[in-house]
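Please keep the viewer open as you read.

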Amino acid sequence: MFETTIAGSLPKPGWLAETDKLWPQWRAQGEDLSRAKRDATLLWLKEQEDAGLDIVTDGEQARQHFVHGFLEAVEGIDFEHKVKMGIRNNRYDAMVPVVVGPLKLKGRVHQFEARIARAHTKKKLKITMPGPMTIVDTIADRHYGDKVKLAMAFAELLNQEAKALVKDGVDVIQFDEPAFNVYMSDVKRWGIQALERAAKGLKCTTAVHICYGYGIKANLDWKETLGGEWRQYEEIFPALAASSIDQVSLECIHSKVPPQLMKLLKGKDVLVGVIDVASDRVETPQEVARTIGQALKYVPKNRLFPCTNCGMAPMKREIALAKLQALAAGAAIARKKYR
Ligand code: ZN
């Protein structure tokens with residue numbers, strides 16, 4: 001009961017990459033960089049285990065950014081001539097690469113970190129990848145000429161890599177779809193279909209993470225425009241409940257999402273955000289247990305997985321670590337209290 005996990009990413013140590021950044025530069029190159037990525041992956045596995053988490057991740061230590069980490073392994077994309085594009089419905093301007101030809105995987109994408117993690121933990125292992133809709137919203141297109149076609153092409157590649165990750169011994173594959181909270185009618189028209197294509201035939205647990213983003217300024221400003229109650233989930237959860245995806249990771253603590261919307265995910269495991277990633281204040285275990293208690297009004301015990309609201313990549317390392325500990329300690333209290 002109440003198996004704990006995190007949305008996915010963890011801060012990179014200062015010897016691996018620049019700290020406190022979403023797009024950090026690596027500190028080394030070539031073999032030195034590979035070695036540093038390996039060491040950082042092991043370090044966070046150990047920290048997650050020692051904190052007492054049940055389903056651990058590679059902390060996304062081997063990729064620079066959650067979307068581009070995948071794109072770098074794809075043929076048919078021009079990274080040399082990036083173009084400026086408003087993404088997430090113009091919430092941010094980003095320099096994005098351009099699709100210029102048929103998409104194909106150059107080789108494996110996350111084998112390196114998945115195999116290292118698998119070799120060094122007996123806990124359940126989760127690997128995350130960007131979802132097709134979020135990828136399409138983070139890249140320009142000069143080849144496919146149609147968003148849905150482009151999304152399906154990416155979904156196919158995600159599926160290839162996901163199948164290989166399952167062979168590497170990964171227990172949970174999670175697709176990150178922050179774009180699902182932005183383009184709700186497209187989610188119903190093709191987003192979930194593309195997600196299901198990415199997850200097709202996977203012999204492991206499948207998850208989707210949908211949040212309101214990291215605690216960076218552009219997101220905080222956007223949230224100010226969303227009003228007193230955030231009801232985006234209300235539009236998409238019924239369709240997700242009807243989908244083939246096993247788990248939905250959502251934000252809860254300090255969020256303006258009405259918690260009763262979790263009821264719309266009947267039949268799914270719900271990864272409830274009980275740790276706020278937009279604040280450096282570390283939750284107390286009691287607070288975590290209380291948030292779990294609130295979520296229990298809407299999610300059955302056996303379906304509730306305490307989790308973080310989002311990734312912790314841009315946080316200070318010490319704070320992220322303290323939050324992991326609070327997460328596990330709070331779930332332990334909740335297990336006794338709500339047995
Ligand atoms: Zn997130």
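This is a predicted model: local features need pLDDT of at least 70, side-chain atom pairs count only at pLDDT 80 or more; totals for chains, interfaces and linings use all residues.

## The three-stranded sheet

An open sheet of three strands has the order β2-β3-β5, and its pairing is mixed. Both β2 and β5 (140-141) stand at the edges with a single partner strand each, so one side of each has no neighbour in the sheet. Helix α5 packs on this sheet and touches β2, β3 and β5; the angle between its direction and that of β3 is about 70°.

What makes the pairing mixed? Strands β2 and β3 run antiparallel and are joined by nine bridges, whereas β3 and β5 pair in the parallel sense over two bridges. On the β5 side, the bridge partner of V98 is A140.

## Turns and positive phi values

Most residues other than glycine have a negative phi, which makes the exceptions worth a visit. Strands β2 and β3 form a hairpin with four residues between them, and R88 in the turn has a positive phi of about 50°. The loop between β2 (74-87) and β3 (92-105) also holds N90, whose phi is positive at about 70° although N90 is not a glycine.

Another case is E60, with a positive phi near 55°, in the loop between β1 (55-57) and α2 (68-71). Is E60 buried or exposed? E60 is buried, with 26 other C-beta atoms within 10 Å. N90, in contrast, counts as exposed, with 10 C-beta neighbours inside 10 Å.

E113 belongs to helix α3 (residues 111-120). It counts as buried because it has 23 C-beta neighbours inside 10 Å, and the cut-off for a buried residue is 20 or more.

Which residues does E113 touch? Leaving aside residues up to four places away in sequence, E113 touches T41, D58, Q61 and A62. In sequence E113 and D58 are 55 residues apart, yet their C-alpha atoms are 6.5 Å apart in space.

## Helix α10

Helix α10 (residues 317-337) has 21 residues, which at 1.5 Å a residue should span 30 Å; its end C-alpha atoms are 30 Å apart, so the two agree. Its buried residues are A320, L321, K323, L324, A326, L327, A328, G330, A331 and A334. An α-helix has 3.6 residues a turn, so residues three or four places apart point the same way.

What do the buried residues of α10 pack against? They pack against α1 (30-51), β9 (269-275), α9 (285-295) and β10 (304-308).

In soluble globular proteins, nonpolar side chains tend to be buried together. The largest nonpolar core here has 102 residues, of which F154, L250, V270, V272, V274, I292 and L327 touch the most other members. Helix α5 (residues 147-167) gives the largest share of this core, with nine residues. For a look at one member, V272 touches L250, C252, A295, V299, L304, F305, P306 and C307, residues up to four places away in sequence not being counted.

Stepping back, the protein chain has ten helices and ten strands. Its radius of gyration is 19 Å, close to the 20 Å that the globule rule gives for 339 residues, so the chain is as compact as a globular protein of that length. The C-alpha trace spans about 55 × 45 × 40 Å along its principal axes. Of the 339 residues, 46% count as buried. Among contacts with a separation of 6 or more, 78% come from residues 24 or more positions apart.

Key:
Residues are numbered from 1 along each chain as its sequence is written. The radius of gyration is taken over C-alpha atoms; the globule rule is 2.2 Å times the number of residues to the power 0.38. A residue is buried if 20 or more other C-beta atoms lie within 10 Å of its own, exposed if 12 or fewer, and partly exposed in between; C-beta atoms are placed from the backbone. Two residues are in contact if their C-beta atoms, placed from the backbone, lie within 7 Å. A nonpolar core is a set of buried Ala, Val, Leu, Ile, Met, Phe, Trp, Tyr and Cys residues joined through C-beta atoms within 7 Å. The expected span of a helix is 1.5 Å times one less than its number of residues. Two strands pair if DSSP finds at least two bridges between them. Axes are lines fitted to C-alpha atoms, for helices over the stretch in contact, and angles run from 0 to 180 degrees between N-to-C directions.
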